[in-house]
Each structure stands twice: as C-alpha cells, then as structure tokens.
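Here are a few friendly notes to read alongside the model. Keep the sequence and the 3D view open as you go.

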Amino acid sequence: MSVLVARTGRQQQRYQDGYRLLAGCIPFKYRYSEESSGKLSEKIVEGGWENDETVEEAAAREALEEAGVRGDLMHLLGDYYFTSKTLRDESSPAGLCKATMYALFVNEELECWPEQNLRQRSWLTVSEADECCRHSWMKKALKEGFSGWLADGMMSTMKDRNHLHSPTTFDKA
C-alpha cells in the first residue's frame with residue numbers, strides 16, 4: 001500500500017504578473033434518486049499550482065489532498081481573483097491570487113487522504129455549501145461558476161461523457 005503525501009512549500013509555486021497562481025475545484029457527485037437534492041463538498045478545494053504540473057493536474061491533486069476524492073474535471077468554471085492576507089511572499093507581496101476553478105465529477109472517495117487530519121469531507125446542497133463559504137471569491141465560484149454551469153445544461157455535458165443517464169439530481173463532495 002502506498003502512502004499519499006500532500007505537497008508543501010512554495011519552491012515550485014507559479015506566479016504571473018504579481019499573482020500567485022492557484023488551481024482548484026468544486027467536487028460533486030450525481031445521485032440517481034428522485035428524493036435526493038444536489039450535493040457538493042463542504043470544502044471548495046484549492047491550492048498552489050506548481051511548475052511541474054498543468055493547471056488541470058493541480059486542481060485534481062488538490063481534490064485528492066484536501067477532500068480525498070478522485071474524479072473527472074468536467075468544466076472550467078473560471079478564474080477568480082482575490083487578495084490573501086496569509087499568502088503574501090516576496091513574489092506576491094500584496095497577496096494577489098488568481099484561482100482557476102473547475103467542476104470535478106467524483107468517481108472515487110478515498111478512505112485515507114493526505115489532509116484528512118486537517119479537513120473533513122461532507123456532502124452538502126449548493127445552498128448549504130454557499131452558507132459554508134468563508135470567502136467572497138469562493139461564493140462567486142459556487143454561484144456564478146458552478147450554479148451557472150448547472151443552469152446552462154451541465155447534464156448534457158455529462159451525458160456526452162457517458163457518466164449519467166437521467167438528469168434528476170446530483171450530489172457534491
């Protein structure tokens with residue numbers, strides 16, 4: 001059995017025009033029940049995008065490290081700009097950040113993951129997840145990015161990838 005370890009440090013961190021580049025996703029699951037409502041992860045996962053990976057690889061890695069899930073990146077939700085009080089360093093002294101966010105269709109939930117001692121995984125509806133968001137940029141990614149994608153036909157996108165058969169409800173990781 002191999003042990004998964006979270007990446008740490010900023011030695012490989014990407015920066016562009018004074019912004020620290022981040023990658024992340026909103027993990028979700030689809031549920032085939034008429035009674036269930038849509039569910040998302042309590043944690044919108046994001047973290048540093050490093051020099052040795054694509055933005056998509058970084059988003060998938062963050063999902064594994066922070067939420068203990070694997071899946072398929074289904075849709076680019078957008079780029080979200082914000083200023084961080086804690087992510088200031090010599091390459092971004094003002095704490096400027098740009099997070100590229102995706103919707104991640106979860107197809108595997110791990111029993112053990114690198115940051116499980118720091119983070120819990122729980123499934124929420126979109127409105128419950130919105131209430132849990134600590135940062136305005138995360139609310140924007142959830143409301144405009146993810147919910148906008150849902151409203152604009154997410155189900156047809158997913159059917160095209162042979163994941164779903166009936167657009168009744170979805171769950172979020």
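1. Start at G153, which follows α3 and has a positive phi, near 105°. Helices (H or I, at least four residues) and strands (E, at least two) are DSSP runs, numbered from the N terminus. This is a predicted model, in which local features need pLDDT of at least 70 and side-chain atom pairs count only at pLDDT 80 or more, while totals for chains, interfaces and linings use all residues. Residues are numbered from 1 along each chain as its sequence is written, and side-chain values use heavy atoms, leaving out hydrogens and water.

2. Helix α3 itself covers residues 136-151. Its 16 residues reach 21 Å from first C-alpha to last, close to the 22 Å expected at 1.5 Å a residue (that is, 1.5 Å times one less than the number of residues). Among its buried residues are W137, L142 and W149 (buried is under 20% relative accessible area, exposed over 50%, partly exposed in between, with a 1.4 Å probe and protein chains only).

3. How many salt bridges does a search of the whole structure find? There are 11, each a side-chain nitrogen of Lys or Arg within 4 Å of a carboxyl oxygen of Asp or Glu. One joins R61 and E62 at 2.9 Å, N to O, and both residues are buried. E53, R61, E62 and E65 are linked in a network of salt bridges.

4. D79 and K98 also form a salt bridge, with their closest N and O atoms 3.8 Å apart. D79 sits in strand β5 and K98 in strand β6, so this pair ties together parts 19 residues apart in sequence. D79 is partly exposed at 37% relative accessibility, whereas K98 is buried at 16%.
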